[in-house]
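Subject: Structure for you to look at

Hi,

Here is the structure I promised to pass on. Could you open it alongside this note and follow the notes below as you read?

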Amino acid sequence: MEKQAGAADGAGPNRNPWGSPTNGSGAGDLLIPLLFLSPTGSHVEWCKQLIAATISSQISGSVQPDFVNRDNKVANSSTPIHSHLKDVMYICPFSGLLNGTLTITDYKLYFTSVEKESHFVLDVNLGVISRLETISVPNQGENTKGLELVCKDMRSPRFAYKTDESQPDIVEVLNKHAFPLSHSLPLFAFLYKEQFPVDGWKVFDAAAEYRRQGLPNESWTISKINSTYELCDTYPSILVIPTNITDDDIKRVALFRAKHRIPVLSWIHPESQATIVRCSQPLVGPSDRRCKEDEHFLQIIMDANAQSHKLTIFDARQSSVAITNKAKDGGYESESFYSNVELNFLEIPNIHVMRESLRKMKDVVYPTIDEAHWHSAIDQTHWLEYIRLLLAGAAKIADKLESGKTSVVVHCSDGWDRTAQLTSLAMLMLDSYYRTLRGFQVLVEKEWISFGHKFSARVGHGDENHANSERSPLFIQFIDCVWQMSRQFPAAFEFNELFLITVLDHLYSCLFGTFLYNSEQERMAKEVQAKTVSLWSYINSQPEDFTNPFYVDYENHVLYPLVSSRHLELWTSYYARWNPRMRPQVPVHQTLKEMLILRAELQRRVEELQREASSHSLSSSSEHSPSPTHTTGTPLHTAV
Amino acid sequence: MEHIRTPKVEQVRLLDRFSSKSTNGTLYLTATHLIFVESSSNNSTSAGQEIWILHHHIASVEKLSLTTTGCPLVIQCRNFRMVQFVVQRERDCHDIYSSLLRLLRPVCYEELYAFSYNPKQNDQQREEGWQLIDLGAEFERMGVPCDQWQLTDVNRDYKVCETYPRDLYVPITASKPIIVGSSKFRSKGRFPVLTYFYQEKKAAVCRCSQPLSGFSARCLEDESLLQAISKANHNSRFVYVMDTRPKLNALANRAAGKGYENEDNYSNIRFQFVGIENIHVMRTSLQKLLEVIGTRPLSMSDYLVGLESSGWLRHIKAVVDAAIFLTKAVTVEGVSVLVHCSDGWDRTAQVCSLGSLLMDPYYRTIKGFMVLIEKDWISFGHKFADRCDQLDGDPKEVSPIFTQFLECVWQLTEQFPQAFEFSEWFLLQIHEHVHSCQYGNFLGNNQRQREELQLRERTHSLWAFLMSEKQNYLNPFYSPAYSEAHPVLEPSTLPYHFKFWRNMYHQFDRSMHPRQSILKTILTLRENSQKAESTLQALETRLQQLGVTPVATSDPPAAPPTRIQRSNSNTLPPRPDSLILGAPINHKEVQRHEEEDEQEEVGEEAMESTDTERTVEGSSGTDSRKQSYGELEGTYNSDVAKEEPAVVSLEFGVARMTC
């Protein structure tokens with residue numbers, strides 16, 4: 001019930017992300033309206049405001065002190081405040097030093113400025129912290145320490161504070177709670193007990209999703225062969241595999257594929273029956289090993305699609321890397337061993353390259369921007385180049401299915417990074433269901449979470465080892481691609497930019513269980529569904545905030561984004577959102593929402609009158625076209 | 001026509017600039033246009049695509065050496081269209097080439113299209129068109145003349161300055177001898193005059209050319225004219241003098257006996273350089289940009305680096321920065337500003353007009369924007385004839401200064417979607433006609449020349465034409481309330497707020513068009529709502545006729561909240577088809593080119609889909625998509641499409657003329 005109280009309180013002037021842009025004296029970055037409530041009960045509201053504030057960078061000048069006080073009281077009574085430090089200086093890269101109070105709870109750190117003129121709040125989810133660094137603070141006297149929080153979301157706030165014997169050092173406190181797993185503490189998601197009216201864990205049901213795709217059919221079956229995760233510990237329990245294959249063969253194929261990730265169906269074309277199949281690299285090795293069962297398996301996949309006598313394999317890797325992998329017992333399918341197979345390399349670099357690319361991007365956008373060399377600096381990161389490779393690769397896959405009516409097999413090395421990116425993007429292009437708010441959640445649950453994209457390793461949830469080479473922003477890259485597509489097709493996606501940013505924020509936050517752990521097996525063992533809340537519970541409890549007002553359901557439309565360099569843009573509203581000079585969005589969406597409300601109202605009224613007219617059995621009732629069946633996105637039929 | 005040797009060539013191939021596609025057709029050469037008509041061989045349902053190119057739009061024609069397939073002819077247009085034809089026979093190609101060479105270099109003004117263009121209007125209508133914009137009324141709107149500023153007749157006969165208009169506004173205290181004296185001390189006699197008056201603070205924006213100061217020359221009259229400008233504003237004890245040139249350029253000018261104001265000689269001025277480069281730098285910069293974006297396989301890296309090294313966006317930012325400086329000085333400090341560059345007709349026009357646009361919401365309306373261009377550009381003698389190469393002139397005088405101004409405005413519309421009454425279309429259309437020479441407005445270099453050419457009697461006004469099509473240029477996001485709340489715009493100049501204007505520079509490159517446009521979606525939405533409203537009314541009337549009172553369960557459509565709704569609650573004329581956002585394309589062109597887009601990048605040949613149910617956006621086209629390129633039509637506006645007029649202007653705006 002705290003939730004509801006929160007919503008009521010939140011209905012203040014700043015609740016709407018695109019509210020009136022009455023920003024006061026723009027002193028500093030990230031001035032967030034002080035409307036937060038209890039840190040536990042209303043994290044969600046709070047997060048939303050954080051996002052809202054960053055999207056609009058709107059500053060509310062007026063803050064009632066009551067709010068702050070009450071907030072602290074509630075905070076005291078509910079979540080333990082681990083540290084409450086006065087006289088902390090926030091070293092703002094944009095507006096200089098700010099004096100204030102630093103509070104650390106289980107879940108967040110927030111800094112409130114006490115200076116009367118500009119009320120200022122900076123808050124950081126502890127989960128977003130990548131590492132803590134001590135910095136030197138000259139000219140602030142002895143006993144003053146400097147602290148930099150290097151964050152995963154493209155910012156690094158810095159503080160200076162006086163050390164005090166009587167209090168525990170905040171670095172220690174932060175270390176402990178920002179990296180709970182390294183200190184044998186539970187992730188915050190396990191402590192978070194918010195109740196939502198909608199249960200997000202029910203969003204994805206693999207069997208139901210395959211049924212939606214029209215499976216099983218005569219060629220494909222929904223198999224329980226991996227129900228105990230014995231065949232492949234990183235795959236989900238439910239897999240779709242060809243009907244005509246024996247369990248023994250499958251086991252042999254598993255031995256021939258890296259991490260036992262056998263070829264399984266991800267998506268089937270509703271008309272041509274062409275399929276997207278994903279797997280890991282074959283263990284060909286330096287001696288060019290063959291596996292009859294694997295060859296046969298691909299043959300069956302090809303045969304399952306009557307429309308084409310070919311099968312295309314997209315290896316996401318650079319061809320040179322694939323060849324080197326042979327030396328490490330990996331490799332790729334030889335076109336001479338697999339009949340009628342065409343092999344394409346998509347030349348996408350690996351996770352380490354991507355990590356480096358985003359790291360460079362952070363330097364470009366935070367804290368200051370080199371105006372004279374903006375474009376060349378972006379070029380140096382190669383980030384957009386990789387986005388383009390991904391989108392182009394996914395478009396090739398989609399085109400192969402749609403126009404070529406040919407089944408495709410997608411893999412990289414282990415089949416959980418680039419493979420997930422490519423299959424999910426291709427599915428987004430091919431299937432309009434995935435472009436809905438609900439469908440997109442299913443897509444992420446299916447292609448990423450259930451198929452074992454190693455979120456825990458790639459993000460490093462609660463782990464202090466920031467230098468771990470397993471970390472990489474592959475999922476961010478995917479969301480960026482989705483954003484690029486939504487820019488090119490502004491009416492084709494049911495969700496909006498806020499949704500994408502929210503997903504990314506909670507990728508790090510550890511507030512929800514959705515992105516925790518590396519595989520379905522691990523999640524089962526940790527009882528994630530029982531013990532944590534799903535991000536989709538939160539999202540689906542207030543879908544209106546995340547809905548794109550332009551959305552029109554283009555059923556059966558295949559979207560091919562343009563991937564020319566002229567059409568890709570840096571997602572500054574995500575990457576550069578901490579920059580206070582980021583222009584507030586003019587409330588265009590508000591205008592639109594009003595128009596949509598008006599339209600819905602008109603539509604309702606027309607229907608009402610039509611009903612009434614027909615109930616009065618007008619002779620001319622046949623002149624009226626039937627009332628619209630589809631309420632969203634369909635035209636109002638004019639019937640006069 | 002005597003210059004046309006071959007009026008028609010068949011079997012000509014049109015090559016696409018960004019893909020390996022080509023289309024076959026026939027090339028026609030008329031007195032005013034070069035027309036390519038695609039032969040409708042393979043697709044019986046639709047007539048072929050037509051491309052009409054006005055001769056005045058052609059910047060250059062190049063004949064490449066003969067290849068096995070024919071003789072290539074490359075045509076580059078001022079509106080950034082680029083076409084390549086391959087003509088089978090070398091002789092035909094040469095004929096067209098040499099005819100074009102003659103046709104696109106008119107020797108006298110009378111050869112320009114405007115003098116033959118006749119939109120079927122009588123003299124009265126023509127006259128009314130020219131009266132649409134009245135600068136006298138505009139100065140009245142600003143509150144001039146007033147107790148400090150007056151209209152002077154010193155230039156009634158263009159005797160003091162032949163590139164200025166007749167009517168000029170100066171401080172009351174500036175006597176004729178002072179003005180005449182000052183004009184002799186300024187390049188081309190362009191002495192300081194008022195261009196915008198910010199009533200709220202009584203601060204003035206004045207413009208002039210550089211002083212002929214050399215290293216030490218002084219002019220007391222000029223000094224007292226500046227003094228008079230300063231005195232006219234009681235809010236401030238000084239005036240800013242903004243030299244829009246980089247300091248180095250100004251210094252170089254000093255050696256030539258020109259230069260800039262010495263703060264020691266003028267009492268109460270604050271002098272400031274703002275560093276906008278000259279016309280030659282701008283010309284080269286845009287050329288570089290066009291080269292970069294014209295490259296077919298353009299890697300991300302080449303694009304980003306090329307964009308930056310062309311410097312184009314940096315120059316745009318420099319102009320916007322200068323306008324921001326001007327705006328702040330006037331609206332925040334309440335100080336009058338005198339703006340100049342060298343001659344005071346290029347950078348000065350850019351900065352004054354852009355500054356006024358930031359200060360005054362009126363200039364952000366359709367009518368106001370016309371007034372702004374008429375005032376700061378046309379009447380104050382921006383040399384359109386030279387800069388746009390209307391006659392065969394000095395290539396060194398050609399420069400995209402006005403294009404740059406339009407782009408600055410576009411960048412602002414991107415930052416402030418609610419602040420402008422007009423959409424991108426309006427800007428593109430103006431740009432089109434600055435070069436088309438179809439209307440009289442932009443012909444010649446100054447007002448005096450225009451009077452000599454009797455343009456008001458012999459040609460038509462673009463403003464009247466644009467006004468008659470006003471519906472097409474409305475920005476659905478426009479909110480007068482926003483302008484009331486934010487009369488002065490404060491744009492951000494972070495680098496990512498300056499974007500490449502794809503719809504300008506790739507206007508005619510179909511493969512570069514956006515996939516979907518929000519603007520179009522909203523326009524459709526609005527039309528739907530309006531239809532719903534009329535349906536509603538009709539139903540209610542009907543019910544009333546039947547003696548039934550409509551159920552009062554709902555309030556009448558929830559008090560339409562949007563202003564847009566209010567302002568055009570009545571019938572909206574159907575939009576022409578060419579208002580497909582992304583670029584002006586004609587109906588016929590649309591159907592043909594659907595396929596080509598993705599190929600270049602994906603490198604896959606997409607096969608025609610035979611499925612009727614699944615629709616492909618972007619790559620392979622199916623016949624089920626009747627309407628548009630790059631637009632998801634869906635079902636939701638199919639009824640709108642039906643009502644659209646059958647006659648479609650071919651090139652957006654350039655009316656069809658046969659001869």
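A helix axis here is a line fitted to C-alpha atoms over the stretch in contact, and angles run from 0 to 180 degrees between N-to-C directions. Helices (H or I, at least four residues) and strands (E, at least two) are DSSP runs, numbered from the N terminus.

Some ground rules: this is a predicted model, in which local features need pLDDT of at least 70 and side-chain atom pairs count only at pLDDT 80 or more, while totals for chains, interfaces and linings use all residues. Residues are numbered from 1 along each chain as its sequence is written, chains are lettered from A and ligands numbered from 1 in the order in which they are written, and side-chain values use heavy atoms, with hydrogens and water left out.

**Chain A overall**

Chain A has 21 helices and 15 strands. Of its 640 residues, 64% are buried (under 20% relative accessible area with a 1.4 Å probe, protein chains only; exposed is over 50%, partly exposed in between). Taking contacts (heavy atoms within 4.5 Å) with a separation of 6 or more, 71% of those in chain A join residues 24 or more positions apart.

**A helix pair in chain A**

Helices α9 (residues 351-365) and α10 (residues 374-381) of chain A pack with their axes 8 Å apart, at an angle of about 160 degrees. That makes α9(A) roughly antiparallel to α10(A); the classes are under 35 degrees for roughly parallel, over 145 for roughly antiparallel, 65 to 115 for roughly perpendicular, and oblique for the rest. On the α9(A) side the contact includes A:Met361 and A:Val364, and on the α10(A) side it includes A:Trp374 and A:Ile378. The residues of this contact divide into six nonpolar, three polar and one charged (Ala, Val, Leu, Ile, Met, Phe, Trp, Tyr, Cys and Pro count as nonpolar, Asp, Glu, Lys and Arg as charged, and the others, Gly among them, as polar).

A:Cys412 sits in the loop between β14 (407-411) and α12 (418-430) of chain A. Is A:Cys412 buried or exposed? A:Cys412 is buried, with a relative accessible area of 2%. Among the residues that A:Cys412 touches, leaving out those up to four places away in sequence, are A:Cys279, A:Asp315, A:Arg317 and A:Arg418.

A:Phe478, in helix α15 (residues 474-488) of chain A, is buried at a relative accessible area of 0%. A:Leu390 is 88 residues from A:Phe478 along the chain, yet their C-alpha atoms are separated by 8.4 Å.

**Over to chain B**

The unreviewed UniProt entry places "domain: Myotubularin phosphatase" on residues 129-505 of chain B. That span is 48% helix and 9% strand, and its end C-alpha atoms lie 30 Å apart.

Helices α11 (residues 366-379) and α13 (residues 401-415) of chain B cross at roughly 145 degrees, their axes coming within 13 Å. Among the residues that meet are B:Phe369 and B:Trp377 in α11(B), and B:Phe402 and B:Leu406 in α13(B). This contact divides into nine nonpolar, no polar and no charged residues.

B:Leu406 is buried, with a relative accessible area of 0%. B:Leu406 touches B:Phe369, B:Leu427, B:Ile430, B:His431 and B:Trp501, not counting residues up to four places away in sequence.

Best wishes

Technical notes: UniProt positions are given in the numbering used here, feature names are shortened, and annotations may be inferred rather than shown by experiment.
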